[in-house]
Amino acid sequence: MNATEEITKEQQTKIDRAVEFLKELHQAAQMGRDTLEHVNNNIGPGELRNAVEKDIFDYSDVCAQITRKLEEYGQDPKPVSKISRAMASMMINLKINDESPDSEVAKMIIDGTTKGVTECTSKLSEYADVDNDIKNICYKLLWVEQKNIDEMRRFLHY
């Protein structure tokens with residue numbers, strides 16, 4: 001094995017990790033978007049719905065950005081598993097309907113998004129070796145999630 005082969009293997013490992021991280025980020029952003037779309041379908045019109053729709057747009061933007069980056073590597077995003085989607089949908093259907101108070105819907109969104117922040121932050125540590133442009137996509141997802149939490153806080157009424 002010569003030095004050129006070793007560099008190639010190191011480069012391939014770096015590419016593989018970048019792709020793996022991007023696919024995990026896409027799943028996280030897709031789950032956030034899909035869950036909010038499901039929530040949106042279960043709530044009535046109003047200020048909360050408008051806020052949820054803005055957040056869906058932000059998650060969609062991150063998904064598109066990740067997809068473009070994956071395409072640079074000749075890869076496609078990995079979809080969220082059917083089981084994860086079904087479980088999230090079932091939970092939303094059980095807890096939210098068009099008569100649910102905005103505060104309950106907001107609390108549920110905050111809880112789910114907080115889990116997303118935790119997972120995303122953990123992944124950022126796990127993939128600390130990836131290029132900064134990919135880490136910046138993760139930071140954007142974290143920003144979207146934090147903005148979502150901050151937006152939902154205003155609907156909490158105790």
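Which helix does Ser 103 lie in? Helix H4. One word of caution before I go on: this is a predicted model.

Let's stay with Ser 103. Is it buried or exposed? Ser 103 is buried, because its relative accessibility is 15% and the cut-off for buried is under 20%. What does Ser 103 touch, leaving aside residues up to four places away in sequence? Three residues: Phe 155, Leu 156 and His 157.

Now over to helix H1. This helix covers residues 3-42, and Asp 34 is in it. Asp 34 comes out at 17% relative accessible area, so Asp 34 is buried too. Look at its side chain. There is a polar contact between the side chains of Asp 34 and Arg 33, at 3.3 Å.

Next, the largest nonpolar core. It has 38 residues. Which of them touch the most other members? Find these five in the model: Phe 21, Leu 25, Val 52, Ile 66 and Met 152. The top contributor is H2, with nine residues.

Let's zoom in on Ile 66. Again, set aside residues up to four places away in sequence. Ile 66 then touches Leu 22, Leu 25, His 26, Ala 29 and Ile 137.

To recap. Ser 103 is buried, and Ser 103 sits in H4. Asp 34 is buried, and Asp 34 sits in H1.

Conventions. Residues numbered from 1 in each chain as written. Predicted model: local features only at pLDDT ≥ 70, side-chain atom pairs only at ≥ 80, totals over all residues. Heavy atoms only, no water. Helix = DSSP H or I, 4+ residues; strand = E, 2+ residues; numbered from the N terminus. Buried < 20%, exposed > 50% of the residue type's maximum accessible area, 1.4 Å probe, protein only. Polar contact = N/O pair within 3.5 Å; in protein donor to acceptor, adjacent residues only side chain to side chain. Core = buried A, V, L, I, M, F, W, Y, C linked by side-chain atoms within 4.5 Å. Contact = heavy atoms within 4.5 Å.
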